[in-house]
Amino acid sequence: YCAHAPVQACVAWYGRLAGTAGAVDPVTGWLAAALCGGLLGFAPFNRPVARLFLGDVGSLPIGLLTAYLLYRLAGTGAFAAALILPLYHVADATITLLRRLLRGEKVWEAHRSHFYQQATTNGFSVMAVVGRVALLNLALAAIAGASLLWPALPVQFACLAAAALLTGLLLRRFATGPRHG
């Protein structure tokens, strides 16, 4: 399954809402709507077991569009929301890369070191992993929404801390396996 599709759909949805509310320019809002529509159309074919794969040729443009939408969101002053929305995926990729570098691995070679991959090795089913990441992304979207509604600096820090805590808890759970009993 495409591990990044939920966050990209979420960013696209937020971008479309921001465009509708006038927080970003209309072109950015429509770009977000188009991306969201494309991801929703792709989703039924990408559920486990995936019948359609984007590969690098498909996922790179989607990732670049997502990064652009996050950049536009941050440019409106919603920096915390732009950090919160992709937090799980950024944290997983960053920590995995740093751990591989510290172990002296060739980071350009294929691997199964990501936390979501470790989760299946540690006893989670693919659907359990997808479900937990989806739930976390919904929570991150709600926290990002709170950061947009209440732009005071203490609220921004509280939102970032809550998002980091939830993300860290899920990464830890994936690394240690499901609870038994």
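Of the 28 residues in the largest nonpolar core, which touch the most other members?

Mentor: The residues that touch the most other members of that core are I84, Y88, V129 and F174. A nonpolar core here is a set of buried Ala, Val, Leu, Ile, Met, Phe, Trp, Tyr and Cys residues joined through side-chain atoms within 4.5 Å. Buried means under 20% relative accessible area, exposed means over 50%, and partly exposed lies in between, with a 1.4 Å probe and protein chains only. At least two residues of the core come from each of α3 (55-75), α4 (79-84), α5, α6 (115-121), α7 (126-149) and α8 (153-176). Among these helices, α7 gives the largest share, 9 residues. There is also a second core, separate and made of 5 residues, with A32, L35, I62 and L69 among them.

Before going further, some terms of reading. The model is predicted, so local features need pLDDT of at least 70 and side-chain atom pairs count only at pLDDT 80 or more, while totals for chains, interfaces and linings use all residues. Residues are numbered from 1 along each chain as its sequence is written, and side-chain values use heavy atoms, with hydrogens and water left out.

Helices (H or I, at least four residues) and strands (E, at least two) are DSSP runs, numbered from the N terminus. Of the 181 residues in the protein chain, 39% are buried. Of the contacts between residues at least 6 apart in sequence, 64% join residues at least 24 apart; contact means heavy atoms within 4.5 Å.

Two pairs of residues illustrate such separations. N137, placed in α7, is 51 residues from P86 in sequence, yet their C-alpha atoms are 8.1 Å apart. N137 is counted as buried because its relative accessibility is 5%. In helix α2, G38 is 24 residues from I62 in sequence, with 9.6 Å between the C-alpha atoms. G38 has 43% relative accessibility and is therefore partly exposed.

Helix α2, which covers residues 26-46, also holds T28. The relative accessibility of T28 is 2%, so T28 is buried. Beyond its neighbours within four places in sequence, T28 contacts Y68, L69 and R72. L69 is one of the residues of the second core.

D92 sits in helix α5, residues 87-102. D92 is buried but has no salt bridge, and R99, the nearest side chain of opposite charge, is 7.1 Å away. D92 does have a polar contact with the side chain of H114, at 2.8 Å between the two side chains. A polar contact is a pair of N or O atoms within 3.5 Å; within protein, one must be able to donate a hydrogen and the other to accept it, and residues adjacent in sequence count only if both atoms are side-chain atoms. Not counting residues up to four places away in sequence, D92 touches H114, F115, Y116 and L171.

The structure does hold 2 salt bridges, a salt bridge being a side-chain nitrogen of Lys or Arg within 4 Å of a carboxyl oxygen of Asp or Glu. In one, R100 and E105 bring their closest N and O atoms to 2.7 Å. In the other, R103 pairs with E105, also at 2.7 Å from N to O. Through these shared partners, R100, R103 and E105 form one network. R100 is buried because its relative accessible area is 4%. E105 is partly exposed because its value is 30%, and R103 is partly exposed because its value is 47%.

Last, the cysteines. The structure has 0 disulfides, a disulfide being a pair of cysteine sulfur atoms within 2.5 Å. C36 has 13% relative accessibility and so counts as buried. C159 is buried too, because its relative accessibility is 7%.

Methods
Lys, Arg positive; Asp, Glu negative; His and termini not counted.
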